Amino acid sequence: QVQLAESGGGSVQVGGSLKLSCVISGYPDILYDFMGWFRQAPGKERQGVAVMSTDGASTDYSDSVKGRFTISHSQDNDKHMAFLQMNNLKSEDTGMYYCATAFRGGNIWIRRTWAYWGQGTQVTVSS
């Protein structure tokens with residue numbers, strides 16, 4: 001059974017930093033796949049902010065976070081972890097953050113092209 005569990009969210013002031021973590025287990029094919037971080041603000045669609053291939057060969061970011069967020073990955077035996085380092089946070093970064101894996105192909109930035117999701121962790125940025 002594939003499981004994803006995010007942590008690290010919280011409340012921070014504008015300009016601050018947070019680092020999100022996601023533990024991914026039960027998915028052996030992850031080595032040949034992608035992992036991503038998505039954000040869902042209240043009343044808005046869930047959208048990708050950072051994605052990477054699990055082998056580390058490629059990473060990409062949405063324009064809204066480029067230069068401020070960094071996605072990374074680590075592995076400990078059969079447990080994989082995805083991280084999202086978020087710097088210089090803005091109020092518009094507020095939302096629920098989800099990690100995902102098992103990319104199905106197509107538009108990598110939208111929800112329906114990913115198979116497995118965590119429950120999310122809330123990030124609130126205030127001035």
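Trainee: What is the strand order in the open sheet of four strands?
Mentor: The order is S1-S3-S8-S7, with antiparallel pairing. Strands here are DSSP runs of E with at least two residues, helices are runs of H or I with at least four, and both are numbered from the N terminus. Two strands pair if DSSP finds at least two bridges between them.

Trainee: Before we go on, what kind of model is this?
Mentor: It is a predicted model, in which local features need pLDDT of at least 70 and side-chain atom pairs count only at pLDDT 80 or more, while totals for chains, interfaces and linings use all residues. Residues are numbered from 1 along each chain as its sequence is written, and side-chain values use heavy atoms, with hydrogens and water left out.

Trainee: Back to the sheet of four strands S1-S3-S8-S7. Which are the edge strands?
Mentor: They are strand S1 (3-7) and strand S7 (69-76), each of which pairs on one side only. On average, neighbouring strands of this sheet are turned by 15 degrees against each other, direction ignored. That angle is between lines fitted to C-alpha atoms, with angles running from 0 to 180 degrees between N-to-C directions.

Trainee: How many bridges join S3 to S8?
Mentor: Seven bridges join strand S3 (residues 18-25) to strand S8 (residues 79-86), and the two run antiparallel. As one example of facing residues, Lys19 is opposite Gln85 in S8.

Trainee: New topic: how many disulfides are there?
Mentor: The count is one disulfide, taken as a pair of cysteine sulfur atoms within 2.5 Å. Cys22 is joined to Cys99, with an S to S distance of 1.8 Å. The pair links distant parts of the chain, since Cys22 lies in strand S3 and Cys99 in strand S9 (residues 95-103), 77 residues apart.

Trainee: Are those two cysteines, Cys22 and Cys99, buried or exposed?
Mentor: Cys22 is buried, at a relative accessible area of 0%, and Cys99 is buried as well, at 1%. Buried means under 20% relative accessible area, exposed means over 50%, and partly exposed is in between, with a 1.4 Å probe and protein chains only.

Trainee: What about S9 as a whole, and why is it called largely enclosed?
Mentor: Seven of the nine residues of S9 are buried, so S9 is largely enclosed by the rest of the structure.

Trainee: Which strands does S9 pair with?
Mentor: S4 and S9 pair in the antiparallel sense over six bridges, and Trp37 is opposite Cys99 there. S9 is also joined to strand S10 (residues 114-117) by three antiparallel bridges, where Ala100 faces Trp117. Three further bridges join S9 to strand S11 (residues 121-126), again antiparallel; Tyr97 has Thr121 as its bridge partner in S11.

Trainee: And S5: is it mostly covered or uncovered?
Mentor: S5 is mostly covered, with six of its seven residues buried. S5 pairs with S4 in the antiparallel sense over six bridges, and Phe38 has Gly48 as its bridge partner in S5.

Trainee: How many residues lie between S4 and S5 in their hairpin?
Mentor: Six residues lie between them, and Gly43 in the turn has a positive phi of about 75 degrees. S5 also forms a hairpin with S6, with five residues between the strands, and there Gly56 has a positive phi of about 80 degrees. Three antiparallel bridges join S5 to strand S6 (residues 59-61), and Ala50 is opposite Tyr61.

Trainee: Where is Ala41?
Mentor: Ala41 is in the loop between strand S4 (34-40) and strand S5 (47-53). Apart from neighbours within four places in sequence, Ala41 is in contact with Thr94 and Gly95, where contact means heavy atoms within 4.5 Å.

Trainee: Finally, how many helices and strands does the protein chain have?
Mentor: The protein chain has zero helices and eleven strands. Its C-alpha trace spans about 40 × 30 × 25 Å along the principal axes. Buried residues make up 43% of the 127 residues. Among contacts between residues at least 6 apart in sequence, 58% join residues at least 24 apart.
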